[in-house]
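Colleague: Before I use these labels, I would like to hear what stands behind each of them.
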Amino acid sequence: MTEKLSGAKARYFKELVKGDTPEMVSANIREEAMTTARLFSMNDEDKAIEIENRLEDLQEAKDFFDKVKLIEPETYAVDAWGFEQTNYENLTVVGTARGSVVVIYAGGVYTISKAKYTAKKPGTALESDHVIMTSWEAPYTANEIADQAMANAYTGH
């Protein structure tokens, strides 16, 4: 799996996948930037730079989005992982681009080869460190994720 977008770029991509138009996302960006400017007492020049940077992130997300052919989303469980804790998470396949499928996972947008996706081989690595993997099983429910998060908190993680 290759990370294509992270942070704000991934968030903007997710908004486009959900059906928001670039104009809607741009309006939200401007509104958020105004709130940030007030919160941090930014001057007009810094505010303009902040908006410009966010709009550049949106453009990068839109450029990638334009290359993606959306499909009916499919959600799968990410194999439980963690050091002295267990993290339950899901990934969602949302489209295809060239020879890859596009996956939304945690805070990022990733691509994975169609061959790996089609084979659905257990233990498919989602990143180069081979820590996060999927066996393409049914997704965790919201209750399972919440219960596991509570268990992690209870044990101090």
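This is a predicted model: local features need pLDDT of at least 70, side-chain atom pairs count only at pLDDT 80 or more; totals for chains, interfaces and linings use all residues.

Modeller: Residues are numbered from 1 along each chain as its sequence is written, and side-chain values use heavy atoms, with hydrogens and water left out.

Colleague: How many aromatic pairs are there by your rule?
Modeller: Rings of Phe, Tyr and Trp (its six-membered ring) pair if their centres lie within 6.5 Å; planes under 30 degrees apart are stacked, over 60 edge-to-face, and the rest tilted. The count by this rule is six.

Colleague: Why is the pair F13 and F65 called edge-to-face?
Modeller: The ring centres of F13 and F65 are 6.0 Å apart and the planes stand at 70°, so the pair is edge-to-face. F13 lies in helix α1 (residues 7-18) and F65 in helix α3 (residues 44-67), so the pair ties together parts 52 residues apart in sequence. Helices here are DSSP runs of H or I with at least four residues, numbered from the N terminus.

Colleague: And why is the pair Y105 and Y110 called tilted?
Modeller: Their ring centres are 6.1 Å apart and their planes at 55°, so that pair is tilted.

Colleague: What makes Y110 count as buried?
Modeller: Buried means under 20% relative accessible area, exposed over 50%, and partly exposed in between (1.4 Å probe, protein chains only). Y110 has 13% relative accessibility, so it counts as buried. Y105 is buried as well, at 5%, and both F13 and F65 are buried.

Colleague: Which ring faces does K120 lie over?
Modeller: A charge sits over a ring if NZ of Lys or CZ of Arg is within 6 Å of the ring centre and within 35 degrees of the ring normal. K120 lies over the face of Y117, at 3.9 Å from the ring centre, and over that of W136, at 5.9 Å.

Colleague: Why are α1 and α3 called oblique to each other?
Modeller: Angles under 35 degrees are roughly parallel, over 145 roughly antiparallel, 65 to 115 roughly perpendicular, and the rest oblique. The axes (lines fitted to C-alpha atoms over the stretch in contact, with angles from 0 to 180 degrees between N-to-C directions) come within 8 Å and cross at roughly 50°. α1 and α3 are therefore oblique.

How values were computed: Helices (H or I, at least four residues) and strands (E, at least two) are DSSP runs, numbered from the N terminus.
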